[in-house]
Amino acid sequence: MSPFTRQRSQSIAALGEIKLINEIQRWLGTATPKAPAGIGDDCAILAGSPKDQLVTVDPVIYREHFDDTIPARGIGAKLFNRNLSDIAAMGGRPRAAVIALAMSKEVKIEWLRDFYRSLANIARRHRVPIVGGDIAHQPTGFTATMTLIGESSHQRTLTRQGAKAGDWIFTTGKLGGSRLNWHWKFTPRLAEGQWLASRPEVRAMMDISDGLAKDLISLQPKGTRAALSEQMIPVSRSADQMSKESNKPALFHALTDGEDYELLFVVNGRTKPEMLQQAWSRHFKLPLACIGRFLKAKAVSPFDDELDLSKYHGFEHLR
Ligand SMILES: [Mg+2]
């Protein structure tokens, strides 16, 4: 469905700002607390906490991140889940969200209602209140930006720093082909991220948004190379499907498509990968794969099918 309408009576122009804000509060329902903990004051107040506080922000932009083929509820889900995935990537727990909209007057009320209702569903599912927001006019289009606040779930917060030569590289789930629909249907790996943060052998973590081949560089310690075994890469069925259309190997899609929103993490090289796999499978059904190791740059490869990663470049913004 298109987010826009030429018929004024069906557009947000028919409501005006004050009525629109009232409607938004109604659409959000129990997902937004009463002021000053929620919408209605100059700021929302969050209770203090001794834990590390995490902040992340991500937009969805019409024609950049979505088009008319995706339903409004899918856009809301994508916006919220992308932010949740960043909190998951550090082993955190989400606390509260605010949303800033910039949109034309031609946005359909019905479309916006579905968008907010999907936000409300996710807010309730993860117990993350939507505590405020802002609405601004822009001549055309629709941009929604969510800022999500979270906190560490354990004594420590996992970051992208900390990997060492010899460490194992793991990924959750299956990779590639997310453009075939699930880029707006994915599940942020919150429980998995929190569990991984509780494991001392896990040293660094991130979520895969731009493609494994590119994102892995952010975890790579200086003076090492990422040695990945081709057969260990968990290639999704969607990547197989994409490969039929693109005439590129499914593996190429798994390494470069991006928007996988799986967790990519590094485990102390002294750990036996099977031990972590076993502990994992007692908690989660989601597949977990040990895909390789960080090795000293010139070390002999432990794999006879080591990938040449220089052939694969993930998605890069602004290029
Ligand atoms: Mg991220």
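1. Strands β3 and β5 run antiparallel and are joined by eleven bridges in this predicted model. Within the pairing, Ala 100 stands opposite Thr 145 of β5.

2. The two strands belong to an open sheet of four strands, ordered β2-β5-β3-β4, in which the pairing is mixed. β2 and β4 form the edges, each pairing on one side only. From one strand to the next, the twist averages 20°.

3. Helix α2 lies across β2, β3, β4 and β5, and runs at about 150° to β2. Helix α3, residues 109–125, packs on the sheet as well, touching β3, β4 and β5, with its direction at about 170° to that of β3.

4. Arg 82 pairs with Asp 58, and their closest N and O atoms are 2.8 Å apart. Arg 82 lies in helix α2 (residues 72–88) and Asp 58 in strand β2 (residues 53–61), so that the pair links parts of the chain 24 residues apart. The count of salt bridges in the model comes to eleven.

5. The second largest pocket has a volume of about 460 Å³. Its lining comprises 26 residues, and those nearest the centre are Ile 39, Val 131, Gly 132, Gly 133 and Asp 134. Two or more lining residues come from each of α1 (16–28), β1 (34–41), β3 (92–103), β4 (130–137) and β5 (142–152). Strand β4, an edge strand of the four-stranded sheet, gives the largest share, six residues.

6. What is the division of the lining of the second largest pocket into nonpolar, polar and charged residues? There are 17 nonpolar residues, five polar and four charged.

7. A further open sheet has five strands in the order β7-β9-β6-β10-β8, with antiparallel pairing. Its edge strands, each pairing on one side only, are β7 (202–207) and β8 (224–228). The twist in this sheet averages 25° from one strand to the next.

8. Ile 169 has Gly 292 of β10 as its bridge partner. Helix α4, residues 190–197, packs on this sheet, where it touches β7 and β9 (263–267). The direction of α4 makes about 10° with that of β9.

Methods. Residues are numbered from 1 along each chain as its sequence is written. This is a predicted model: local features need pLDDT of at least 70, side-chain atom pairs count only at pLDDT 80 or more; totals for chains, interfaces and linings use all residues. Side-chain values use heavy atoms; hydrogens and water are left out. On a 1 Å grid over the protein atoms alone, a cavity is a set of points where a 1.4 Å probe fits but cannot get out, and a pocket is an open set with protein on both sides within 12 Å along at least five of seven lines; lining residues have an atom within 4 Å of a point. Grid points are joined across faces, edges and corners, and a volume is the space filled by probe spheres set on the points. Ala, Val, Leu, Ile, Met, Phe, Trp, Tyr, Cys and Pro count as nonpolar, Asp, Glu, Lys and Arg as charged, and the others, Gly among them, as polar. Two strands pair if DSSP finds at least two bridges between them. Axes are lines fitted to C-alpha atoms, for helices over the stretch in contact, and angles run from 0 to 180 degrees between N-to-C directions. Contact means heavy atoms within 4.5 Å. A salt bridge is a side-chain nitrogen of Lys or Arg within 4 Å of a carboxyl oxygen of Asp or Glu.
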